[in-house]
Amino acid sequence: MIKKIGVLTSGGDAPGMNATVRSIVYTALNNNIEVLGIKNGFLGLYNDTMIPLYQESVTSLINKGGTFLGSCRFSKFKLKEVQKKAKNNILNRKIDALIVIGGDGSYIGAQCLTDIGIPCIGIPSTIDNDVPGTDYTIGYFTALETIVGSIDKLRDTTSSHQRISIIEIMGRYCGDLTLLASIAGGCEFIIIPEMIYKKELLLLEIQKSIKKGTKHAIIAITEHICDVHKLAKYIQQNTNQETRATVLGHIQRGGIPVVYDRILASRMGIYAVQLLVKGHQGKCIGIINNKIIHNDINYALQHMTKSCKKNWLHMIKNLTN
């Protein structure tokens, strides 16, 4: 029987993490379950930095970005002795189970704890939308709104000065943010990790577009593909058209969560507590075709593709052909 749970946020912050914690606390208290908030992710587990959470602790958090619990990347958690100390802290606190909110790296930590006897549930929260086992992650749609707003603003100055603009978008090694932001923002060229990229082919397409009378254009590209500033120089040298690169950076992570992320966070938080009450462990939550589901964390980690991405790739091929 579950009497006390711990909750932590791990990895990169994402809008909706606070809403998720709020949902977990409300649902747990309604089931007579105590909740401890673990500060700064897995590092807080190791350092035994925990605080009790009550309804008044989280009541005003649904519209707050970031994570009030704090987060960090704690690579030492992969070490067995670190995991053992974290387990001892959990047992000393009389915590029966743990809910981990974060990306695939957070899932790995949750699986490690499950393997040594600590029941865990993972909730996907990252703007990158790169967590397997779900169509969408908490924070993704808020980041999309931020990016599309930036593209709209960039287009104003790009068209005014007849420039080519390159905009680098987050996503790590997943192109979901770039893909949907490009569609919504009307970008002329899109470069994502899931499709073949060669700067020579891109240049050829840009030159064709210029010959047709194009005076300005926006190129959207996922981070880590190339140095966008060097790419801008290459394009300018070969087209004689002013080209500039803009790296959006971490502004994409912040901000008030949009309605969809608040609702998704609330649904997933409720479902996570329900799974623990029913005796589940080593599970991760997802949303597929608007239905909240769960899989084994190990299964999710071994299946890195998402069906929704295939659908979007099909759309973008139709748009660019």
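**Entry 1: the enclosed space**

I began with helix 8 (residues 199-211), which gives the most to the lining of the largest cavity, with three residues. Helices here are DSSP runs of H or I with at least four residues, strands are runs of E with at least two, and both are numbered from the N terminus. This is a predicted model, so I noted the limits: local features need pLDDT of at least 70, side-chain atom pairs count only at pLDDT 80 or more, and totals for chains, interfaces and linings use all residues. Residues are numbered from 1 along each chain as its sequence is written, and side-chain values use heavy atoms, with hydrogens and water left out.

How many cavities of 30 Å³ or more does the whole structure hold? My search found one. I worked on a 1 Å grid over the protein atoms alone, where a cavity is a set of points at which a 1.4 Å probe fits but cannot get out. The largest cavity holds about 50 Å³ of space. Volume here is the space filled by probe spheres set on the points, with grid points joined across faces, edges and corners. I listed its lining, meaning residues with an atom within 4 Å of a point. Among them are Ile-164, Phe-189, Ile-206, Lys-215, His-216 and Gln-241.

**Entry 2: an open pocket**

Next I took the second largest pocket, at about 600 Å³. A pocket is an open set of points with protein on both sides within 12 Å along at least five of seven lines. I counted 29 lining residues. Gly-11, Arg-73, Gly-105, Ser-106 and Arg-172 lie nearest its centre. Helix 5 (residues 104-115) supplies the largest share of this lining, six residues.

**Entry 3: salt bridges**

I searched the whole structure for salt bridges and found nine. The test is a side-chain nitrogen of Lys or Arg within 4 Å of a carboxyl oxygen of Asp or Glu.

I looked at Asp-13 and Arg-253, whose closest N and O atoms are 3.8 Å apart. Asp-13 sits in the loop between strand 1 (4-9) and helix 1 (17-30), and Arg-253 in the loop between strand 9 (243-247) and helix 10 (259-277), so the pair ties together parts 240 residues apart in sequence. Asp-13 is partly exposed at 26% relative accessibility. Arg-253 is buried at 17%. My classes are buried under 20% relative accessible area, exposed over 50%, and partly exposed in between, with a 1.4 Å probe and protein chains only.

Then I checked Asp-130 and Arg-172, which bridge at 2.6 Å between the closest N and O atoms. Asp-130 is in the loop between strand 5 (120-124) and helix 6 (140-161), and Arg-172 in the loop between strand 6 (164-169) and helix 7 (176-185), so this pair ties together parts 42 residues apart in sequence. Asp-130 is buried at 10%, while Arg-172 is partly exposed at 32%.

Lys-283 and Asp-296 also meet in a salt bridge, 2.4 Å from N to O. Lys-283 lies in strand 10 (residues 283-288) and Asp-296 in strand 11 (residues 291-296), so the pair ties together parts 13 residues apart in sequence. Lys-283 is buried at 16%. Asp-296 is partly exposed at 40%. I also found a network: salt bridges that share partners join Asp-104, Asp-130 and Arg-172.

**Entry 4: the annotated residue**

Which residue does UniProt list for "active site"? The unreviewed entry gives Asp-128. UniProt positions follow the numbering used here, feature names are shortened, and annotations may be inferred rather than shown by experiment. I placed Asp-128 in the loop between strand 5 and helix 6. Asp-128 is buried, at 12% relative accessible area. I took its contacts (heavy atoms within 4.5 Å). Leaving aside neighbours within four places in sequence, they are Met-170, Gly-171, Arg-172, Cys-174, Asp-176 and Leu-177.

**Entry 5: strand 10**

I went back to strand 10 and found five of its six residues buried. Strand 5 runs parallel to strand 10, joined by two bridges. Strands pair if DSSP finds at least two bridges between them. Gly-122 stands opposite Cys-284 there. Strand 11 runs antiparallel to strand 10, with six bridges. In this pairing Gly-286 faces Ile-293.
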